[in-house]
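Below is a note on the model you asked me to look over.

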Amino acid sequence: MRSLLTAVFSLYLLISHAQERNADSVINIPGKYIGSVDDKVQFLDKQLTRQTEKYLNSLSKQEMQLKKHLSKIDSSKAAEIFGDVKKNYENLSDKLNNATGKFDKLTSGEFMAGLDSVQGSLAFLKDAANIVSKTKDIRQKLGNSLNQANQLQHKLKEAGDIQSYLQSRQQQIRELLSQYTDLPKSVSKCFGKYQQQAYYYSQTLREYKQLLNDPDKLVRKTLEALQHIPAFSKFFSRYSMLASLFPAPDNYGTPQALVGLQTRSGVQQLMQQQLALPATGGANASPAGYLQQQMQQAQGELSKLKDKLNQLGINGGGSSDMAMPESKINPEKTKSVWKRIRLGTNISTQRSNQYYPNRMAIAVTAAYKLSAKTQAGVGLSAAIGLGQSWKHIRLTGESIGTRAFIDWKAPDLFRTNSRFMASLWFTAGAELNYNRTIESLAVFKNYSNWTKSALAGLTKKYSMNSPLKKGKKVEGAMSLSYDFLYSRHVPPTPAVVWRVGWGL
């Protein structure tokens with residue numbers, strides 16, 4: 001009887017311990033993870049829809065202008081090629097807006113690792129009853145997040161179809177225009193704008209996909225934690241988009257999976273028979289060596305074909321990206337506002353005189369890139385007095401100021417293709433500095449109290465290690481400017497201003 005009670009008590013302890021382990025295995029998914037995914041997906045979904053509508057409206061107007069111009073030359077051909085332009089683009093817009101997330105998985109379109117990982121994690125957490133907290137609120141949020149991620153994937157597929165349509169449309173219009181000679185400049189200009197807008201749209205899609213494949217810190221940590229759960233690895237290997245593209249058998253990784261596969265020697269023997277390799281030294285040539293030789297020859301032919309396609313203006317020799325338009329493009333146009341802003345700082349010094357001590361001016365600037373060759377910005381500065389000499393160091397507040405500037409890349413007029421000319425910029429700006437004692441904020445309202453400067457000069461930009469963060473590369477700058485108003489300054493200031501700075 002005692003032994004029976006001991007066995008029952010031991011069994012009870014085992015069951016209790018198993019239940020405790022099972023309870024510990026249930027993890028609480030932080031609301032921040034779901035919120036982070038939702039914010040990113042909703043932002044990209046909104047931006048994708050808004051930008052697509054914007055570009056489709058612009059492209060529709062350009063195509064209608066083309067149809068109008070060509071109708072004056074060949075009305076029947078213009079009607080045949082263009083048809084109902086407005087309806088065509090409205091159909092493209094409707095397909096994007098009607099995209100939903102009511103499907104389990106989407107195996108068509110471009111594979112995006114970042115989105116696939118997010119979808120896989122959300123689908124797993126939504127259905128993993130023994131892993132995730134059983135709170136209904138969490139499960140409902142996971143379901144909504146998964147639906148939004150699926151909808152974004154569907155919209156990206158539709159956007160890819162729109163991109164393909166624009167590619168074929170450009171080819172059709174180009175072939176049509178090639179049939180005529182002495183076309184009006186208005187036609188070429190209109191088609192150039194069409195190509196430009198189509199290219200900007202393709203670059204916008206690329207920016208969104210890159211952003212989607214760049215998970216933030218919280219999402220990355222959550223995915224790393226899930227990868228240590230065997231159930232998640234098994235789920236992801238079966239139901240992810242990657243698994244649908246490269247399916248693996250259920251017994252993958254076991255000896256049973258190798259049953260029925262051909263051996264290496266058997267494959268080599270079959271290749272020798274099928275390829276009818278010549279005999280060398282009384283034995284058949286090596287199939288691996290023969291295939292390597294053929295592969296090298298094929299790569300050479302592909303390189304020649306790619307060069308020919310590039311000469312014909314087909315960018316990348318079959319790339320899925322939009323061909324580069326002949327008209328000038330602005331690579332900054334498709335970037336978000338924040339990605340076009342460049343923060344920086346610069347320092348300048350001034351020797352002491354009978355009016356001022358040795359001074360060091362420190363400025364913080366924010367420049368907005370209008371294009372790859374032009375940027376405009378504003379800045380705030382403050383000057384610190386260092387004393388009259390090394391023996392008489394004294395820190396004092398000397399002035400505060402504000403500035404506005406514009407930089408544009410210096411042209412390589414003599415086509416030297418040198419690194420120096422490639423990093424040389426013209427710079428011009430206006431500055432206001434208050435050099436008096438600040439008694440109250442009311443003194444700033446008097447414009448006459450400010451010292452005005454009008455500067456113009458050259459800036460040399462280069463790559464350097466950040467002084468603030470080890471291992472980080474930033475853009476350094478050295479500028480030499482002339483102040484056209486220096487003679488009006490009371491007390492006087494130097495005519496030439498030398499500054500050194502770097503990006504933040």
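**Notes on the model**

1. In β5, Leu 380 is the bridge partner of Val 364. The two strands concerned, β4 and β5 (residues 374–389), pair in the antiparallel sense over 13 bridges. Strands count as paired if DSSP finds at least two bridges between them. Helices (H or I, at least four residues) and strands (E, at least two) are DSSP runs, numbered from the N terminus.

2. The model is a predicted one, in which local features need pLDDT of at least 70 and side-chain atom pairs count only at pLDDT 80 or more, while totals for chains, interfaces and linings use all residues. Residues are numbered from 1 along each chain as its sequence is written, and side-chain values use heavy atoms, with hydrogens and water left out.

3. The strand pairing above belongs to a closed barrel of eight strands, in the order β3-β4-β5-β6-β7-β8-β9-β10, with antiparallel pairing. From one strand to the next the twist averages 30° (axes are lines fitted to C-alpha atoms, for helices over the stretch in contact, and angles run from 0 to 180 degrees between N-to-C directions).

4. Which strand does β3 join through four bridges? It is β10, and the two run antiparallel. Ile 347 stands opposite Val 500 of β10. β10 is also joined to β9, by seven bridges and again antiparallel; here Ser 479 has Arg 499 in β10 as its bridge partner. As a general point, side chains in a regular strand alternate between the two faces of the sheet.

5. The largest pocket has a volume of about 730 Å³. On a 1 Å grid over the protein atoms alone, a pocket is an open set of points with protein on both sides within 12 Å along at least five of seven lines, a cavity is a set where a 1.4 Å probe fits but cannot get out, and lining residues have an atom within 4 Å of a point. Grid points are joined across faces, edges and corners, and a volume is the space filled by probe spheres set on the points.

6. The largest pocket is lined by 39 residues, and Gln 375, Phe 405, Asp 407, Lys 461 and Ala 477 lie nearest its centre. The elements giving two or more residues to this lining are β3 (341–350), β4 (358–371), β6 (392–409), β7 (424–434), β8 (451–465), β9 (473–483) and β10 (496–503). β9 gives the most, with eight residues. By class the lining has 16 nonpolar, 13 polar and ten charged residues (nonpolar: Ala, Val, Leu, Ile, Met, Phe, Trp, Tyr, Cys and Pro; charged: Asp, Glu, Lys and Arg; polar: the others, Gly among them).

7. How many cavities of 30 Å³ or more does a search of the whole structure find? The search finds one, and the largest cavity has a volume of about 30 Å³. Leu 44, Leu 48, Leu 152, Leu 156, Tyr 208, Lys 209 and Leu 212 line this cavity. At least two lining residues come from each of α2 (31–71), α6 and α7 (185–212), and α7 has the largest share, three residues. The lining has six nonpolar residues, no polar ones and one charged residue.

8. There are seven aromatic pairs, where rings of Phe, Tyr and Trp (its six-membered ring) pair if their centres lie within 6.5 Å, with planes under 30 degrees apart counted as stacked, over 60 as edge-to-face and the rest as tilted. Tyr 89 and Tyr 165 form an edge-to-face pair, 6.1 Å centre to centre with 85° between the planes. This pair links distant parts of the chain, with Tyr 89 in helix α4 (residues 85–97) and Tyr 165 in helix α6 (residues 136–177), 76 residues apart.

9. Tyr 89 counts as buried because its relative accessibility is 4%, and Tyr 165 counts as partly exposed because its value is 22%. The cut-offs are under 20% relative accessible area for buried, over 50% for exposed and in between for partly exposed (1.4 Å probe, protein chains only).

10. Tyr 482 and Phe 484 are also an edge-to-face pair, 5.0 Å centre to centre with 80° between the planes. Tyr 482 is partly exposed at 36%, whereas Phe 484 is exposed at 52%. Ring pairs link Tyr 482, Phe 484 and Tyr 486 into a cluster.

11. Lys 95 lies in helix α4 and counts as exposed because its relative accessibility is 53%.
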